[in-house]
Amino acid sequence: MTMVGEMWSHLGSTMGTLMLVYTLFKQFFPHHLQDSFEKYFNRIVRFAYPYVEITFDEFTGERMKRSEAYSRIKSYLSDKSTASAKRLKADVVKDSQSAVLSMDYNEEITDEFQGVKVWWSANRILPTTQRISWYPNDDEKKYYRLTVHKRHRELITQSYISHVMMEGKEIATKKRQRKLYSNNPSQNWYGYRRSKWSNVLFEHPATFDTLAMDAKLKEEIKNDLIKFSKGKDYYARIGKAWKRGYLLYGPPGTGKSSMIAAMANLLDYDVYDLELTAVKENTELRRLLLDTSSKSIIVIEDIDCSIDLTGQREKKTEKDGNEDEPSDPVTKRVKEEEKKESKVTLSGLLNCIDGLWSSCGGERIIVFTTNYVEKLDPALIRRGRMDKHIELSYCCFDAFKVFAKNYLEIDSHSLFGEIESLLGETNMTPADVAENLMPKSDYDDVETCLKRLVKALKDAKEEAKKKVEDEARLKAEKEEEKQKQKSVKEEKEQSGKDDKEVKENGVALEAAEVKENGVAH
Ligand SMILES: Nc1ncnc2c1ncn2[C@@H]1O[C@H](COP(=O)(O)OP(=O)(O)OP(=O)(O)O)[C@@H](O)[C@H]1O
Ligand SMILES: [Mg+2]
């Protein structure tokens, strides 16, 4: 802080003199000369002001994207300001245990680089027009300003700023609190939240150790992910964007979402949960994807439900056009908004994904999940887009052993054999196995839990058997009914034929009689 004082006292005396001259001039000079005087005065001030100022805005490119430089400076300064700034802002993080401090607005701190002093200030501009708003931060503009003496201009622009960027990134990585992002509807992008994504701390406890699945497949996926995360140079060498797509498919409750959490925990990545139905059109989707950070997993759950795979999304009511036009403007607006809903097309999604890879270098993983892989368009999941297809299926014995170890802390038990053969004979999702194995009270011991699972498996087996039998019976009944209908039809046809024949014969007989009689007459 002493340096800031020094700077201002030096600058203050120079500027003070200039201001005095300015005031005197304004008072005593004729009015018509004041304009040209002001022009020269500004030049003198610029000449006398020995500092260069560099501004770093929070948002760049028409608010398209939060500036990476701004975020890095924030991290860099958070370390410096804790020691020197007098007014700090605190963000409470993880379990409310610790707080991340950063300098408050209009606060200044000094930094030193290769013996050169620089000054940083955090600023914000509030909107000039007074609007009544529930959200005070609407339209405010935040920025950092770096001030440095003119003579160090080159050192600062060439070395210091890149030093800040590098250190800022490192500090951010070290202090990183992983986030789970979800997309905001686009009407909120420019409002009080002014963000395309909302976030909460990502604290999902699932890891690959808690994931119950085939041991070999699990190892394969882990290795694949680790190889990817270390593959920066490799991807650069082979000329491919540093990204990887995973398609997770399987019935509900087989661990697709849990696996995404495990992936994020293994790699220490953020998760962007992209709700496609809230995205109105392809351009919005592109903006959303561009606003994701590197080291992240972009997730689109239930892809088959969130997009029309044929690309035609017109609503039935729109086509029919027989809906009553609402008269009041509010309902009309809501209807219009509804109509606009989800114009994201398959080709739009594919373009965005491909475009995303070519426009941002950082490591990103994209994951699609679905319960019905066969419904998906092959173009969406071809290799290169979705590089690895992973089937998560019903609980196998390997998966059960993971649950037994995690839930009951056992590696073996006399009931394991029976459970293994039952699992081979019936389909039960890992979610159901987990539910049965979980102790329900303090009195539930290992034996109780395992027995409950055995019973559930037997019930499931019985139910499946009954279902098969029912289905077979139903099929047989249907077949029988079909046969019955067929024979009735055949009978009818036959009797119809007979009638026709009788009729024809009758007609022929009559004709012959007529002929005969005619001849006789
Ligand atoms: N393979 C698994 N390993 C560990 N836990 C699992 C597994 N599968 C399911 N579970 C448990 O079941 C619950 C539901 O699993 P999850 O949400 O991952 O299923 P999902 O496949 O994503 O289902 P859906 O298709 O309905 O989204 C989880 O909370 C988890 O505890
Ligand atoms: Mg899920």
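A salt bridge is counted where a side-chain nitrogen of Lys or Arg lies within 4 Å of a carboxyl oxygen of Asp or Glu. By that rule, the side chains of K451 and E447 meet in a salt bridge with an N to O distance of 3.4 Å. The structure is a predicted model, in which local features need pLDDT of at least 70 and side-chain atom pairs count only at pLDDT 80 or more, while totals for chains, interfaces and linings use all residues. Residues are numbered from 1 along each chain as its sequence is written, chains are lettered from A and ligands numbered from 1 in the order in which they are written, and side-chain values use heavy atoms, leaving out hydrogens and water.

**Salt bridges**

- The structure holds 18 salt bridges.
- K451 and E447 both lie in helix α18, 4 residues apart, which is about one turn of the helix; helices (H or I, at least four residues) and strands (E, at least two) are DSSP runs numbered from the N terminus.
- K451 is partly exposed at 49% relative accessibility, and E447 is partly exposed at 34%; buried means under 20% relative accessible area, exposed over 50%, and partly exposed in between, with a 1.4 Å probe and protein chains only.
- K117 and E112 also join their side chains in a salt bridge, at 3.6 Å from N to O. K117 is partly exposed, with a relative accessible area of 28%, and E112 is partly exposed as well, with 47%.
- Another salt bridge joins K243 to D387, whose closest N and O atoms are 3.9 Å apart. This pair links distant parts of the chain, 144 residues apart: K243 is in strand β11 (residues 243-249), and D387 is in the loop between α14 (378-381) and β15 (388-391). Both K243 and D387 are buried.
- A network of salt bridges links D470, R473 and E477.

**Aromatic pairs**

- Rings of Phe, Tyr and Trp (its six-membered ring) pair if their centres lie within 6.5 Å; planes under 30 degrees apart count as stacked, over 60 as edge-to-face, and the rest as tilted. The count by this rule is 14 aromatic pairs.
- The rings of F56 and W120 form a tilted pair, because their centres are 5.8 Å apart and their planes stand at 40 degrees. The pair links distant parts of the chain, with F56 in strand β1 (residues 51-57) and W120 in strand β7 (residues 116-125), 64 residues apart.
- F56 is buried at a relative accessible area of 12%, and W120 is buried at 1%.
- F228 and Y235 form an edge-to-face pair, 5.7 Å from centre to centre with 80 degrees between the planes. Both of these residues, F228 and Y235, are buried.
- One aromatic cluster is formed by F56, F113, W120 and Y160.

**Backbone angles**

- Most residues other than glycine have a negative phi.
- K295, which is not a glycine, has a positive phi of about 55 degrees. K295 lies in the loop between α9 (282-290) and β13 (296-300) and is partly exposed at 30% relative accessibility.
- E409 is not a glycine either, and has a positive phi of about 55 degrees. E409 is placed in the loop between α15 (397-408) and α16 (416-425) and is exposed at 70% relative accessibility.
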